[in-house]
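Q: Could you walk me through this one with me? I'd like to ask a few things as we go.
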Amino acid sequence: MTGTSRPRPSGAFLLAAAAAATAGLWVVSRGKWSDAIIDSGREWIVPDALSRGGLLYRDVVYWFGPFTPYFQAAFLRLFGSGFGSLVLSGAVASLGMLAALYLTVRPVAGRLEAGYATVLAVPVMVFMPNSGGSLIGGVSRIWQAAAFSQLAVAVACRRPRPGHSDGIQIASAGGLAALSGLCRTEWGLVSLASLLLCRMRFPRQRSLLAEAGLAMGGFVAVFGGALGFFLARAGPAAVLRDGPVLLTSLPEETRRVVLAYSGIGNWKVGLLELLYSSGMWLGAYLAVALVATRGSGEQWPRGRILGLLALLALLALLALAGGTGGAEIFSAAPLICLGALATGLRLRSGRRAAALSAFGFGGLLLSYRRPFHIGDAAYVGPPLLFALVCGAGLLHSAVLREKGGSSRRRLRAALGGGLLVLVAVAFVGRALQYALDDVIEIPGTDRMLSARPPTGDELTRLALAIRREPGAGLVVFPEGEILNLLSSRRNPIRHKLYTPGYLTAQNEFEILGELERSRPATIVILPFPTFGYGPATFGIGYGSRILSWIEGNYSERPWQRAADSPVAGARLFAAKHSSSSAGSGTSPRVR
């Protein structure tokens, strides 16, 4: 009826529905989130070593800050060194990330937008497949970095209580940025820059220089204190030379794969996808705004109708030019962040202006890893959190631009309905995606890791063959640490990963020396191509000295394999003198 408002679902009902949908999605997707060979084993093997008393950097070569592996190690120590404990740590971290997201959206939008943005992140980001989500995979440290980064800006945007100084608040924001850096250094630096921009756009009690000093003081105290501890205990060489913790001396192979992954080489198509995705979301907003106008009984504004028709024509042209290459959903993220930055800089100084500017700026910088062709993949999810905040802020700004309270209420209600539909579609779409995935669980991973039937079966067979060999200790080249878990044999050397960049011409002799000293009883070489790094095959493009040493000191063992398996070409080596390795690398107790 005209003049009456339709009843809206209560917050409790929506929360219960979101919880039920999340539980259903968990059941459908369980164990299908990560790759069996790439990243997942490395995600386990580092905290596993720490849970048994190892010291990061000294006993395990690691390229990033210490927060994430020690956070995961605490769960492995408490609940057993298995994938169930690893996923539990990811679930707890995901809840923290979602809470941080809600608190982050509040300075730029209302509770409605914050709630929908947080629930939308569950199917889109937490359950992102291909090792990209926050439950398990190779980017856990970036998800945690993103949560701390968002909290740093949110704290910097808070209004101090009347009569109270905000000095502690600013220093605390700097400390949160440092925690982000202790997960991933570049995220901490971007967080610090973002919160400084936030304070520039915020009414201040002191000079910007003084506030910058407080923020940087908090950052240095936390980041420098934590890193200083490891410098003292593990030594400067272990912390700063063996891994680019401070982003210095990045190997050429790493720089090459980062450039290849970014999609910049195909920037023309990437730009078309960015424009198409942005136009698609803008068109969705215009359609919802037209529905809101029609709901008032008024005629549809001619300008909005013409704008929507022109946009549809542009989308058709972009589609014909190649803008629909499969990355239509997320590719608008950098442009959304840019829009939020421009909006924040245009507004009068205040909380919303500060938050929009900071999150837009941070989201733009953090899109460096994948600015084009953004799809369901690793490394794209955490920056999308910033785009989600920016999108909510831009929608709220659109509502505020409406003239008259009734127009604002209608548009806000229409946007709420549109977001509700979007959330429902995201849950259903993600559930169908996982339900149609024909992977099978890998025994011994607490039902938390799956693979295609040939791969999963061959990994199980290979683990059994390793168990039959006498002695202890297992090293897998170039990657495949999942075999250490399945065979209950730990890797006895400091270096745990041997893809190009981690294994270089500069450190090959060092890794070879560790192998000679530890003499693991078993060595496995998986046929894992690494084309994006340049050198593509272990033992040919890189690691040739190590392969020669293995073939000279180990005997290759036959094992039962299937010809159609991706790992059918795996080579299993056993030490020629197994008794010499009996004391090296006792088997871990995998509970």
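Q: Is Gly326 buried or exposed?
A: In this predicted model, Gly326 has a relative accessible area of 57%, and because the cut-off for exposed is over 50%, Gly326 counts as exposed.

Q: Where is Gly326 found?
A: Gly326 is in the loop that runs between helix H13, residues 302-321, and helix H14, residues 333-346. Its C-alpha atom is separated by 24 Å from that of Ala36, a residue 290 residues apart from Gly326 along the chain.

Q: OK, what about Arg42, buried or exposed?
A: Arg42 has a relative accessibility of 13%, and since buried means under 20%, Arg42 counts as buried. This residue lies in helix H2, which covers residues 40-51.

Q: And which residues is Arg42 in contact with, leaving aside its neighbours within four places in sequence?
A: With those neighbours left aside, Arg42 is in contact with Pro47, Gly138, Arg141, Glu481, Leu497 and Tyr502. As for Leu411, which is 369 residues apart from Arg42 along the chain, the two C-alpha atoms are separated by 48 Å.

Q: Switching to rings, how many aromatic pairs does the structure hold?
A: The structure holds 18 aromatic pairs. In one of them, Phe477 and Tyr498, the ring centres are 4.4 Å apart and the planes are at 45°, so the pair is tilted.

Q: Where do Phe477 and Tyr498 sit in the chain?
A: They link distant parts of the chain, 21 residues apart: Phe477 belongs to strand S3, residues 474-477, while Tyr498 is in the loop between helix H19 (482-487) and helix H20 (508-518). Both Phe477 and Tyr498 are buried.

Q: Which residues form an aromatic cluster?
A: One aromatic cluster is formed by Phe67, Phe71, Phe75, Phe79 and Phe148.

Q: What sits over the ring of Tyr261?
A: The charged end of Arg370 sits over that ring, 4.7 Å from its centre, and Arg369 also lies over the face of Tyr261, at 6.0 Å from the ring centre.

Q: Last topic, helices: how do H7 and H8 cross?
A: The axes of H7 (residues 167-183) and H8 (residues 185-200) come within 5 Å and cross at roughly 155°, which makes H7 roughly antiparallel to H8. The crossing of H7 and H8 is right-handed.

Q: Which residues make that contact?
A: On the H7 side they include Gln169, Ile170, Ala173 and Gly174, and on the H8 side they include Thr185, Trp187, Gly188 and Ser191.

Notes: Residues are numbered from 1 along each chain as its sequence is written. This is a predicted model: local features need pLDDT of at least 70, side-chain atom pairs count only at pLDDT 80 or more; totals for chains, interfaces and linings use all residues. Side-chain values use heavy atoms; hydrogens and water are left out. Rings of Phe, Tyr and Trp (its six-membered ring) pair if their centres lie within 6.5 Å; planes under 30 degrees apart count as stacked, over 60 as edge-to-face and the rest as tilted. Helices (H or I, at least four residues) and strands (E, at least two) are DSSP runs, numbered from the N terminus. Buried means under 20% relative accessible area, exposed over 50%, partly exposed in between (1.4 Å probe, protein chains only). A charge sits over a ring if NZ of Lys or CZ of Arg is within 6 Å of the ring centre and within 35 degrees of the ring normal. Axes are lines fitted to C-alpha atoms, for helices over the stretch in contact, and angles run from 0 to 180 degrees between N-to-C directions. Angles under 35 degrees count as roughly parallel, over 145 as roughly antiparallel, 65 to 115 as roughly perpendicular and the rest as oblique. A crossing is left-handed if the near helix is turned anticlockwise from the far one by less than a right angle, and right-handed if clockwise. Contact means heavy atoms within 4.5 Å.
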